[in-house]
Structures are given as C-alpha cells and as structure tokens.
Amino acid sequence: MALIAGASLALAGAAPASECAPGPMRVDAVAAVGERGEIRLASGARALLGSIRWPEEAAAERAARAWLAAQAGHPLAVVQRGQTDRWGRARIDASLEDGALDLAGGLVTEGLAAVDAGEVDALCRPALLQAEAAARAAGRGLWGRGPVAASDGPALRAEAGRFVVAEGRLRHVGERSARTYLDFVRRGEDGLTVIVSKRTWRRMREHGLSAEGLTGKLLRVRGVVEVRRGPVIEIAALELIELVDGGGAQAPAGNTDGGRALRR
C-alpha cells in the first residue's frame, strides 16, 4: 500500500470481521446519557457509541453529554458491532432514522470526542478520522490546543493514565520477536515510545510498511499514556497510527461514512 499523507496506515475494511461485523439494524432511541458516554436506550439496552473515545476533562465531558442528550427521543437506526462488553453494554453505530445525523460522527465533527478503537484491536469506522481531521484543523472542542508533541516527555508524563493524540517524527524502529518499538526521540532523550503488538506489526508489513519506510516520517498516534522508563503508548489497532505529510499538516477534511455505514 502506498503511503498517503494524512491517511491511516490501514486499508478501509481491513478490520477483523468478528470485531466489526455489523448486526441487524433496529429502530431505538436515546432515553438517557450517563457517565463516560453510557447510553440507556428506550428499549432498555445499555450501549456505547463505537469507534470514539469519550472525553475525560470535565468541561469537555459535560459538553459531549449535553450534545448527545439533545438527541434523546429521536428515532435512531441502531446497529451493534461485535459482542457486548463485560458490563453488558453494546458497542453501536447510531444515526437519526432519516440519515441526517450520525451520532459518533457528530460528536467527532464538533470536537467533542476523539476517534479510538476502544477495547478491540481494530478501528471499525476509519472514515471518522477524516471528521476528526477537520475538527482539529478548525481547533474545535478538544483540539483547541492541538496534539501533544511526541518529543515532549514532560507533557506526556503529565498525561499518564489518559488518552492522548500525539504527533512526532519517528526516529528509530526496534523490531523484536514479540513486539516492535517505535521511538520518537533519540536514545537517552525524554519522549514517546509506541509499542506495537506482533499481530499489528505483521499487518503493517502486509501493507508494505517497513521499519526503513517509516523511519523519519511524521506520524500521528493515539492511545493511553503509561510511564515506564519513559512515556509509552501500546497500540493494537493498525488504524491508530497515521502518516502525516512531511510539513506536519493536518489530514484533509472529509465526510464520515455517517448513517450509510449502518446499512452496509
């Protein structure tokens, strides 16, 4: 696969079917919105919108909850992807029944949520990255301060335990038998290391991506920061690594797959 500036490193549709295969469409409605984006549907089911990360900062969380609560009562076309989680919540795509508004896409477009694969190892709706790019370019919501610099160790350490989007130029790739290490600073400097699972690195290589081809490129990565010897993000979903163009520009704006994805 050719490297395209601003694009996810995954091919659309490359996600494993067991995690992203959509179930049958049904009509439901938002009855209430709880903490961390949990939705109680009119049918009584509990759900989370898939392919997004609910904001953690208090002001952003309130804004996202208010936006989603404003959709309460409207008939929704709802599709579940994969199995329910350990708390009995379904991971869903949901749009107004007339297709005018996709809920996950709306939150991302307003800068009220970031794109994330969640607990599965594939991003089921990679087209949402285009909506996020437009929100980031406009500085909306979460993107008022932009991504964290992958070379800024102190800033990343301050985000320990939190989800971040970081950008930086890849300095070194260390391939090991069980995992691959992507270093965004030189040895001895304080900055980000991304740990890629063996399975995900294999998928990257299948798409023609190698250590030699990625070294020196400007990348955007996302995930929860851990602090070990330095700040670390572990990535299991290929789509959570994006190639940014050489000048560091944001990905081009575009539309999400919206309600049409619910019917594919």
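Ser51 is buried, with a relative accessible area of 7%; buried here means under 20% relative accessible area, exposed means over 50%, and partly exposed is in between, with a 1.4 Å probe and protein chains only. Its phi is positive, about 70°, although Ser51 is not a glycine. Ser51 is found in the loop between E5 and E6. Helices are DSSP runs of H or I with at least four residues, strands are runs of E with at least two, and both are numbered from the N terminus.

Before I go on, the basis. This is a predicted model, in which local features need pLDDT of at least 70 and side-chain atom pairs count only at pLDDT 80 or more, while totals for chains, interfaces and linings use all residues. Residues are numbered from 1 along each chain as its sequence is written, and side-chain values use heavy atoms, with hydrogens and water left out.

Another non-glycine residue with a positive phi is Arg36, at about 55°. Arg36 lies in the loop between strand E3 (30–33) and strand E4 (39–41). Is Arg36 buried or exposed? At 54% relative accessibility, Arg36 counts as exposed.

Now the chain as a whole. The protein chain has seven helices and 17 strands. Of its 264 residues, 49% are buried. A contact means heavy atoms within 4.5 Å. Taking contacts between residues at least 6 apart in sequence, 66% join residues at least 24 apart. The chain exposes about 12,000 Å², with carbon and sulfur atoms supplying 49% of that area; accessible areas come from the Shrake-Rupley method with a 1.4 Å probe, and for residues only the protein chains shown count as cover.

Next, charged pairs. A salt bridge is a side-chain nitrogen of Lys or Arg within 4 Å of a carboxyl oxygen of Asp or Glu. How many does a search of the whole structure find? It finds 26 salt bridges.

One of them joins the side chains of Asp116 and Arg53, at 3.5 Å from N to O. This pair links distant parts of the chain, 63 residues apart: Arg53 is in strand E6 (residues 52–53), and Asp116 is in the loop between strand E9 (114–115) and helix H4 (128–138). Asp116 is buried, at a relative accessible area of 6%, whereas Arg53 is partly exposed at 22%. Both residues also belong to a network of salt bridges that takes in Glu56, Glu57, Arg145, Glu159 and Arg162.

A second salt bridge is the one between Glu61 and Arg65, whose closest N and O atoms are 3.0 Å apart. Both residues lie in helix H2 (residues 58–69), four residues apart, which is about one turn of the helix. Glu61 is buried at 13% relative accessibility, and Arg65 is partly exposed at 29%.

Helix H2 also holds Ala64. Ala64 is buried, with a relative accessible area of 0%. Leaving out residues up to four places away in sequence, Ala64 touches Trp54, Pro55, Leu107 and Leu112.

On to helix H6, residues 198–206. Its buried residues are Thr200, Trp201, Arg203 and Met204. Seen down the axis of H6, these fall within an arc of 155°, so they line one face of the helix; the arc is that of the directions from the helix axis to the C-beta atoms. The face turned away from the buried side carries the exposed residues Lys198 and Glu206. Among the elements that cover the buried residues of H6 are strand E12 (172–175), strand E13 (179–183) and helix H7 (211–214). After H6 comes Gly208, with a positive phi near 85°.

Last, the largest pocket. Pockets are found on a 1 Å grid over the protein atoms alone, as open sets of points where a 1.4 Å probe fits, with protein on both sides within 12 Å along at least five of seven lines; lining residues have an atom within 4 Å of a point. The largest pocket holds about 950 Å³ of space, the volume being the space filled by probe spheres set on the points, which are joined across faces, edges and corners. Of its 34 lining residues, the closest to the centre are Leu48, Arg53, Asp116, Gly118 and Glu119. Which strand gives the most to the lining? E15 does, with three residues.
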